[in-house]
Amino acid sequence: MTKWYMVRRWVASQFQHLRGRHVAIAVIAYAILSWILLNAAGEQALTTPFVDFIYYLIVTASTVGYGDYSPTTEAGKWIVSFFVIPCGLSIFAVSVGRLASLTIEYWRKGLLGKRSVDVSGHILILGWNESRTLHLIDMLLHEEKDKRPIVLCVRAEIENPLPKEIDFVRTTSFTDETAMSRAGVQDAECIIIDNPEDDITFAAALFCASKNPDVHILAYFQEDVLSDLLKTHCPNAECVPSVSVEMLAKSAVDPGSSELHHELLNTRKGMTQYAVTYPANAKHTTVSDIFLRMKQNYDATLIGIRRDNHVRLNPSLDEDVKPNDLLFYIADERVHDFKWE
């Protein structure tokens, strides 16, 4: 009894350490031995042509058994009964089990953030703030549906919160070369950094800028100290400060201000703030002309212009609008087909 138990444990351990190459070797050995034995038994109808032989082994091992091929000699029947069928069933079961195991392992790696993402031109989010991060992803999915993929990279020990919607990478540090490479930091088009600790946000922003100098970086800071320092080292980074205190003060003086700003930022209902680039091949014009054209043709309201990394809100009507200027406007929905001429 003890010996039988030891044999079972040994067999189980061998199956646990079974690799793809072991299965491949077993399949090749099974096919070669089957061909030799059947050919020696005079079953040339089963062994030639070679494609019929492979077809017979697969049909037999998978228990389909169409019946179009079968042994005719006595020796062939014994060989099929005690070698081809039992060994074929065993190898088929092991192969299916191994394939299922690899599929599950691949899926689990993606769920746990251990797999490299195969995307480019994507939006990379660094940081996890539970419901706030989920709300951010929800708004991005509404805006970027069928456009830029979204990748979430976190340090927290969580699984992918939205496995059907986004890609997911987990790391111990946002300055880890290997993990950040798996997240595609070098190919990202936009990187959003949102962490509870400003020092981690600052370090992550510097690392991302060094790996992808042309990427659009958005960094959220609780305090302005590191925000100003980051702008010194990374002029292209866009630092988003905490405005909770300012919003409270503004709403106290002008009631309803917080609701107004919430509506402007909401992508699902009400008037929302958008931006569009004035084409490089368009002619110079004025704010008055663009303002009237937007309002009359698209029911959109021009509220600001960004030029040379400087935003001017409520520009005067006679101010020039130049090619490549970024125009901010308010509308019910994003306008995708502005006609500037």
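Trainee: Which residue forms a salt bridge with Glu 189, and how far apart are the closest N and O atoms?
Mentor: This is a predicted model, and in it a search of the whole structure finds 8 salt bridges. One of them joins Glu 189 to a partner whose closest approach, N to O, falls within the 4 Å that defines a salt bridge. That partner is Arg 148, and the closest N and O atoms are 3.1 Å apart.

Trainee: How many residues apart in sequence are the parts that Glu 189 and Arg 148 tie together?
Mentor: Glu 189 lies in the loop between helix 7 (177–182) and strand 4 (190–194), while Arg 148 lies in the loop between helix 6 (131–144) and strand 2 (150–154).

Trainee: Which residue does Glu 197 meet in a salt bridge?
Mentor: Glu 197, in the loop between strand 4 and helix 8 (198–211), is linked to a residue in the loop between strand 2 and strand 3 (167–170), 42 residues apart. The side chains meet at 3.8 Å, N to O, and the partner is Arg 155.

Trainee: Which helices hold Lys 211 and Glu 177?
Mentor: Lys 211 forms a salt bridge with Glu 177, with the closest N and O atoms 2.8 Å apart. At 34% relative accessibility Lys 211 counts as partly exposed, as does Glu 177 at 47%. The pair ties together parts that are 34 residues apart in sequence, because Lys 211 lies in helix 8 and Glu 177 in helix 7.

Trainee: Is the aromatic pair of Tyr 30 and Phe 83 stacked or tilted?
Mentor: A search of the whole structure finds 9 aromatic pairs. In this one the ring centres are 6.0 Å apart and the planes make an angle of 35°. Planes under 30 degrees apart would count as stacked and over 60 as edge-to-face, so the pair of Tyr 30 and Phe 83 is tilted.

Trainee: Is Phe 83 buried or exposed?
Mentor: The pair links distant parts of the chain, with Tyr 30 in helix 2 (residues 20–40) and Phe 83 in helix 5 (residues 74–112), 53 residues apart. Tyr 30 is buried, with a relative accessible area of 8%. Phe 83 has a relative accessibility of 18%, and the limit for this class is under 20%, so Phe 83 counts as buried.

Trainee: What is the angle between the planes of Trp 78 and Phe 82?
Mentor: Trp 78 and Phe 82 both lie in helix 5, 4 residues apart, about one turn of the helix. Phe 82 is exposed, with a relative accessible area of 60%. The rings form a stacked pair, 5.4 Å centre to centre, and the angle between the planes is 15°.

Trainee: Which helix gives the largest share of the nonpolar patch?
Mentor: The surface patch, of about 510 Å², is made by Ile 28, Ile 32, Trp 35, Ile 36 and Phe 50. Ile 32 is partly exposed, with a relative accessible area of 48%. The largest share, 4 residues, comes from helix 2.

Note on methods: Residues numbered from 1 in each chain as written. Predicted model: local features only at pLDDT ≥ 70, side-chain atom pairs only at ≥ 80, totals over all residues. Heavy atoms only, no water. Phe/Tyr/Trp six-rings, centres within 6.5 Å; stacked < 30°, edge-to-face > 60°. Helix = DSSP H or I, 4+ residues; strand = E, 2+ residues; numbered from the N terminus. Buried < 20%, exposed > 50% of the residue type's maximum accessible area, 1.4 Å probe, protein only. Patch = residues over 30% accessible without salt bridge, like charges linked within 9 Å, V, L, I, M, F, W, Y side chains within 5 Å. Areas by Shrake-Rupley, 256 points an atom, 1.4 Å probe, with all protein chains shown as cover.
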